[in-house]
Amino acid sequence: MKLAVPLYLPVCLPIAFAADYTLVSDQQSCAVLAMTNTDLRLEVSPRLDRNKNRDGLIFVIAMWFLSRSVIAIGMQLIAPLASKNPLVYDMPPLDFVNGFIPKSGWELFSHWDGRWYTQIATLGYSYADDGQQHSVAFYPLFPLLIRGLMTLGMRSDAAGVFINSFAFLGALVLIYYWVEERYDTGVAKWTTAVLAWCPFSLFCTVIYTEGLFLFLTASALRSFERGEYIWAAVWGALTTATRGPGVALIPAFLLTAWREKRPPLAYFAGLASALGILSFSIYCAIRFGDALAFVHVQKGWVQPSWFEVLIQALKLKLSAISRIVMIFGSGYLLWFLRKRLTTIVLTYGFSSLAVLLNSGALRSVNRYAYGIVPLSIALGLLLAAKPRWGYGLMGLFGIFLLYVSVRFASWVWVA
């Protein structure tokens, strides 16, 4: 012990001053730290980690707030000023009144699918096998959450916006730290920026399920990757109770468990993820006498074929081009970066694209593709290596986010 102080003192003093470590201010305190085998670097690291975590959280909140502000400006300020001609539909969507002109208010957030979710939350489900549109096409978790806030006195449209927007914030925070753990801060920031500023992130604020779906799928994937299989099963079941494409988690978990020789509990997580959609099926069987009512009702929504989408793309229709790019371009991106993505992320990405390709729901396939977390992670990896591309892409994203916000508020179909 007598030799410990002379040997450590020449090292401790320079480190103390370089780190600006206030507790080690003189030779005596440095000697005490040396004799108790205290590593100065370990003492400084928690402070640095806290600063890093705080900076990451500030970045995520800023991306969320700024992008949501663009949506609010587009919907609540620009749309009422820009829309002068009353809108008329030959076959109007649910609750649409011909001659509509947008006026600022919560109602602008509830167009299209939002009307169905608020109807379910207030009146419950309806179904008849008549080839018409019925609310049973929409999965139950989101309207149940809206109903829960309504019992606390919140109006249905405000509740839907609140749930979706803050679930999206939770998804951004979760994905940021997950990606940072796996890669680095640069990739985490670009992934967050892609999710926040993509024009389809509009649907993470209006009364749709995108924000909630992103949060649940990211939670399920992260839990499975870390070996937290019970939590993966819980998040997976909630995902399949939120939206049909969530079933892609089931083959993703099972295939990854087999390929990586994971324990039996991993297979349980995959099978248990089906509990959400299974519960909805049982409800439909009891209530309507048709366990697949939510599937059969889909014929009430007319969908284009891939051939029609291709023809429209050749005519330079932006919506058709975005469908092709979001599906086939995303598939190529996943394959290109396959060596940098984890097995569960890569498998879920391809499983989700396969589900969308075979679902027939091509009218909204680009929006559904946005909700596939691995695609944003892959694009974040690419932009972290090519930041100049990223700055230009974020600029375009911001312009189109404002544009689609105005169109949505004006009852014009976006995705």
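1. The largest cavity holds about 70 Å³ of space. Please keep in mind as you look around that this is a predicted model. The count of cavities of 30 Å³ or more comes to 1.

2. Now for a pair of helices. Helix α8 (residues 210-225) packs with helix α10 (residues 249-259) at an angle of about 10°, and their axes are 12 Å apart. Angles under 35 degrees count as roughly parallel, so α8 is roughly parallel to α10.

3. Where do these two helices meet? On the α8 side, look for Ala220, Leu221 and Phe224; on the α10 side, their partners are Leu249, Phe253, Thr256 and Ala257. By class, the contact of α8 with α10 has 6 nonpolar residues, 1 polar residue and no charged residues.

4. Finally, the aromatic rings. A pair of such rings is described by the distance of the centres and the angle of the planes. The structure holds 35 aromatic pairs. One of them joins Trp112 and Trp413, with 5.1 Å centre to centre and 80° between the planes, an edge-to-face pair. This pair links distant parts of the chain, 301 residues apart. Trp112 sits in the loop between α3 (40-82) and α4 (113-123), while Trp413 is in the segment after α19 (387-409).

Methods: Residues are numbered from 1 along each chain as its sequence is written. This is a predicted model: local features need pLDDT of at least 70, side-chain atom pairs count only at pLDDT 80 or more; totals for chains, interfaces and linings use all residues. Side-chain values use heavy atoms; hydrogens and water are left out. On a 1 Å grid over the protein atoms alone, a cavity is a set of points where a 1.4 Å probe fits but cannot get out, and a pocket is an open set with protein on both sides within 12 Å along at least five of seven lines; lining residues have an atom within 4 Å of a point. Grid points are joined across faces, edges and corners, and a volume is the space filled by probe spheres set on the points. Axes are lines fitted to C-alpha atoms, for helices over the stretch in contact, and angles run from 0 to 180 degrees between N-to-C directions. Helices (H or I, at least four residues) and strands (E, at least two) are DSSP runs, numbered from the N terminus. Angles under 35 degrees count as roughly parallel, over 145 as roughly antiparallel, 65 to 115 as roughly perpendicular and the rest as oblique. Contact means heavy atoms within 4.5 Å. Ala, Val, Leu, Ile, Met, Phe, Trp, Tyr, Cys and Pro count as nonpolar, Asp, Glu, Lys and Arg as charged, and the others, Gly among them, as polar. Rings of Phe, Tyr and Trp (its six-membered ring) pair if their centres lie within 6.5 Å; planes under 30 degrees apart count as stacked, over 60 as edge-to-face and the rest as tilted.
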